[in-house]
Amino acid sequence: MRTSVNINNKLTMISEMSNDTIFQILEYDDLEGASDLNTSMQIDFMKKSKVKLRQVRIILDDSAVKIESGSLSYMKGNIEIVNKTGGVIGLGRKFFSSKVTGESMFKPVLRGTGEVFLEPTFGHYTLIELEDEEIIVDDGLFYACEESIEVEPIMQKTVSSIIFGNEGLYQTKLKGSGIVLLEIPVPEKEILRCKMFRDTLKVDGNFSILRTSNITFTVEKSSTTLIGTAFNGEGLLNVYRGSGEVWLAPTKAVYNKLMDGGLKDISDPDGESDTEI
């Protein structure tokens with residue numbers, strides 16, 4: 001068959017990690033499919049702002065991965081899709097947790113040999129390899145992992161965390177050995193990895209996105225007295241204690257403000273800036 005289609009796709013691999021399965025994060029060099037002026041202007045603006053479209057490729061070699069429901073784009077090769085229900089009891093637990101947490105009921109398992117491509121997005125990704133370890137991540141960050149990793153929602157353990165915390169009532173626990181793919185809210189280079197050894201970390205905001213399981217999380221007043229809390233303007237803090245790692249995304253708040261109200265909210269927290277942007 002003759003065609004004018006150029007099959008040399010313009011994708012750049014920006015990250016790769018391999019174990020039994022190979023995970024690759026690909027980035028499209030340019031988007032050139034605009035068919036109207038408005039779309040063309042938006043694409044041009046994204047290009048100048050260095051916003052890139054990314055896609056994850058997973059290479060299976062007689063291996064298996066779990067993916068977030070609805071994230072599959074296409075796959076090539078001898079690959080089957082399996083939904084593990086765990087019997088009647090397992091199905092009931094999945095149904096209950098999906099209703100309470102809002103998470104998808106099933107994490108499809110793709111098993112076999114071939115290539116899997118997940119939906120292209122403008123999001124940011126990071127790859128982590130666990131070695132008989134356990135991490136807790138924000139709800140919505142999980143995207144894919146090797147089948148050997150256990151994925152389950154967990155509820156905050158302390159009353160203060162549930163009532164006053166900004167981390168959400170439920171988070172996701174990832175346990176085992178293998179590769180994990182997360183969709184993170186900011187680029188990897190803007191993530192701060194805080195390594196702790198019998199230490200305490202206090203965070204004013206909800207920009208902690210990951211912690212190792214041996215780090216405890218509570219919510220505490222920023223001062224020892226209620227009067228101090230009322231007057232110092234800091235309010236309540238998210239407090240992490242123990243030995244391990246906590247990942248922080250301080251720039252997350254800046255992006256949230258840009259999406260909610262533009263640059264005015266950043267330069268003038270009271271929303272009374274003299275200059276409109």
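The exercises below, each with a worked solution, concern a predicted model.

**Exercise 1.** Find what average pLDDT the chain has, and which stretches stay below 50.

*Solution.* Begin with the chain as a whole, which averages a pLDDT of 81, with 75% of the residues scoring at least 70. Then turn to residues 86-92, where the pLDDT is below 50 and where the model has 4 contacts beyond near neighbours in sequence. Finally, take residues 94-103, over which pLDDT also stays under 50, and for which the model has 17 contacts beyond four places in sequence.

**Exercise 2.** Describe the largest nonpolar core, and say which residues L182 contacts.

*Solution.* First, the largest nonpolar core has 18 residues, and those with the most contacts inside it are L174, L182, I209 and L210. Next, at least two residues of this core come from each of strand 6 (124-137), strand 7 (142-146), strand 9 (170-184) and strand 11 (208-212). Then consider L182, whose contacts, leaving aside neighbours within four places in sequence, include H124, Y125, I128, V137, F142, L174 and L210. Lastly, a second, separate core has 17 residues, among them F23, L118, A144 and I179.

Note on methods
Residues are numbered from 1 along each chain as its sequence is written. This is a predicted model: local features need pLDDT of at least 70, side-chain atom pairs count only at pLDDT 80 or more; totals for chains, interfaces and linings use all residues. Side-chain values use heavy atoms; hydrogens and water are left out. pLDDT is the predictor's confidence in each residue, from 0 to 100. Contact means heavy atoms within 4.5 Å. A nonpolar core is a set of buried Ala, Val, Leu, Ile, Met, Phe, Trp, Tyr and Cys residues joined through side-chain atoms within 4.5 Å. Buried means under 20% relative accessible area, exposed over 50%, partly exposed in between (1.4 Å probe, protein chains only). Helices (H or I, at least four residues) and strands (E, at least two) are DSSP runs, numbered from the N terminus.
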